Amino acid sequence: MEKYYHSVTLDKDKCKGCTNCIKRCPTEAIRVRDGKAMIINERCIDCGECILICPYHAKIAVTDPLSIIDSYPYKIALPAPSLYGQFKDIKDINKILNSLIEIGFDQVFEVARAAEFVSEYIKEILNSEGVKKPLISSACPAVVRLIQVRFPELVSNIVRVESPMEIAAQLAKKEFCAKHNVSQDQVGVFFITPCAAKMTSIKNPIGNGKSNVDGAISILDVYSPMIDKLKSNEVKSLQEASRAGIKWAISTGESSSLGIENYLAVDGIHNVIKVLEEIEDNKLTKLDFLEGQCCVGGCVGGPLTFENSYVANNRIKRLLKDVDSSPVSEGELIEAKDEIIWKLQKDIMKKPILKLDANINIAIKKMKEMERIYRSLPGLDCGSCGSPSCRTLAEDIVRNNASEMDCVFKLREKVRYLAEEMIKISDKIPTSHKEDKDNDA
Ligand code: SF4
Ligand code: SF4
């Protein structure tokens, strides 16, 4: 049986069973049963939509605490470029990178720098013969998981390149170990993450056996300690990433760094679903590249960021004005290719969630039963049964995870029927017995 790890979890004590989250979940992964939400492991893609919508803060993302860095003699921070948009009145990215050193890291390696390498690898693939188009970006792990569970036929469109985070981890360790003459197991590399999906992709990588990253600390957790250190006047020059890599923090950034015109950059998981549906229906056959990002505005809109995504987007665009635009050199690319694994090593598996049984005959039978039950339900998709829609309730019933009586309309119908039956039976009681009863009363 497959083991699951999810960063997104439920704090049962805080959950009021209000059902707000069940409708928002893009993979219908949440049910409310016995007054509490529950997440179905095989469906959850760690998009964090339920974290954003829950009014009681009952959905949380589990990430590593900052103190985890103390478990290694040497520690390297891998800041996501979305971190650069979090701080007010900062005009120099070096200030942000220096404050990471001041809160306890020995070195920083910008994920934006690795994104430049990834852009070059994707360009190569885009220009190669026989590539299946539209090519779909593999940068957002929530989108990749969405494709696995809801659009399995599009798995082969996903670009087989490691994420910038994984490339950054490899390059950072190699550089640091060579420079300081230490072994790799003494060095911990930690991603500063804007989202839960990245944490999940470290613990449970897609297309790879083991992640090169040793942990993920949320932007929210480093924000306060960093704010204090930003006041320091001593600023070393640490920034290496150029405009092409930093742009990856915002929607359209990845596509524009590829230098192509025929692309779609879509942000927000529900918008991504609409476009994937079109690709699945062969309506976008002329498209070269799809950059899909789960969060609104791109990674700057991640649920673990501090700043409003529009404000962060604006800050990053302003910072970019003073950033060098020179891309990675041919020599650097060749050298990096020799040193790191940049292609996914394993297949991205299809994980269709609608499969009702491994046996096709039983699955067909169950599907027919599901359709019959669905037709008997009111079709209001009210969610008061705890399933997100009447169709999912029908599916839950067929899977023996719910009963028709969970539907309030069905229950009312049944109660009415029973009441009418009781009246009919009562009418059949012989008059003398009835009178005896009335007298007793
Ligand atoms: S939104 Fe979901 S997790 Fe939050 S209280 Fe309501 S049912 Fe529970
Ligand atoms: S993280 Fe996303 S997929 Fe998982 S339960 Fe929440 S809304 Fe659904």
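This is a predicted model: local features need pLDDT of at least 70, side-chain atom pairs count only at pLDDT 80 or more; totals for chains, interfaces and linings use all residues.
A disulfide is a covalent bond between the sulfur atoms of two cysteines. Cys390 is in no disulfide, and the cysteine sulfur nearest to it, that of Cys382, lies 6.3 Å away, whereas a pair of sulfur atoms would have to come within 2.5 Å to be counted. Cys390 has a relative accessibility of 9% and therefore counts as buried. Cys15 also counts as buried, because its relative accessibility is 9%.

Cys15 leads on to the ligands. Ligand 1 is surrounded by 15 residues, and the closest of them are Cys15, Lys16, Cys18, Cys21 and Cys54. When the shell around ligand 1 is divided by class, 10 of its residues are nonpolar, 3 are polar and 2 are charged. Ligand 2 has 13 residues around it, with Cys25, Cys44, Cys47, Gly48 and Cys50 as the closest, and its shell consists of 9 nonpolar, 2 polar and 2 charged residues.

From the ligands we can turn to the strands. Four strands form an open sheet in the order 6-5-8-9, and their pairing is parallel. Strand 6, at residues 107–108, and strand 9, at residues 215–218, are the edges of this sheet, and because each has a single partner strand, one side of each is left without a neighbour in the sheet. The partner of strand 9 is strand 8, which covers residues 187–193, and these two strands pair in the parallel sense over 4 bridges. Within this part of the sheet, Phe190 stands opposite Gly215 of strand 9.

In soluble globular proteins, nonpolar side chains tend to be buried together. Here the largest nonpolar core has 41 residues, and Leu78, Tyr121 and Ile122 are those with the most contacts inside it. Two or more residues each are given to this core by strand 5 (74–79), helix 4 (111–126), helix 6 (164–180), strand 8, helix 7 (196–203) and helix 13 (330–339). Helix 4 supplies the largest share of this core, namely 9 residues. Leaving aside residues up to four places away in sequence, Tyr121 touches Val161, Ile167, Leu333, Ala336, Lys337, Ile340 and Trp342.

Technical notes:
Residues are numbered from 1 along each chain as its sequence is written. Chains are lettered from A and ligands numbered from 1 in the order in which they are written. Side-chain values use heavy atoms; hydrogens and water are left out. A residue is near a molecule or strand if one of its heavy atoms lies within 4 Å of it. Ala, Val, Leu, Ile, Met, Phe, Trp, Tyr, Cys and Pro count as nonpolar, Asp, Glu, Lys and Arg as charged, and the others, Gly among them, as polar. Two strands pair if DSSP finds at least two bridges between them. A nonpolar core is a set of buried Ala, Val, Leu, Ile, Met, Phe, Trp, Tyr and Cys residues joined through side-chain atoms within 4.5 Å. Buried means under 20% relative accessible area, exposed over 50%, partly exposed in between (1.4 Å probe, protein chains only). Contact means heavy atoms within 4.5 Å.
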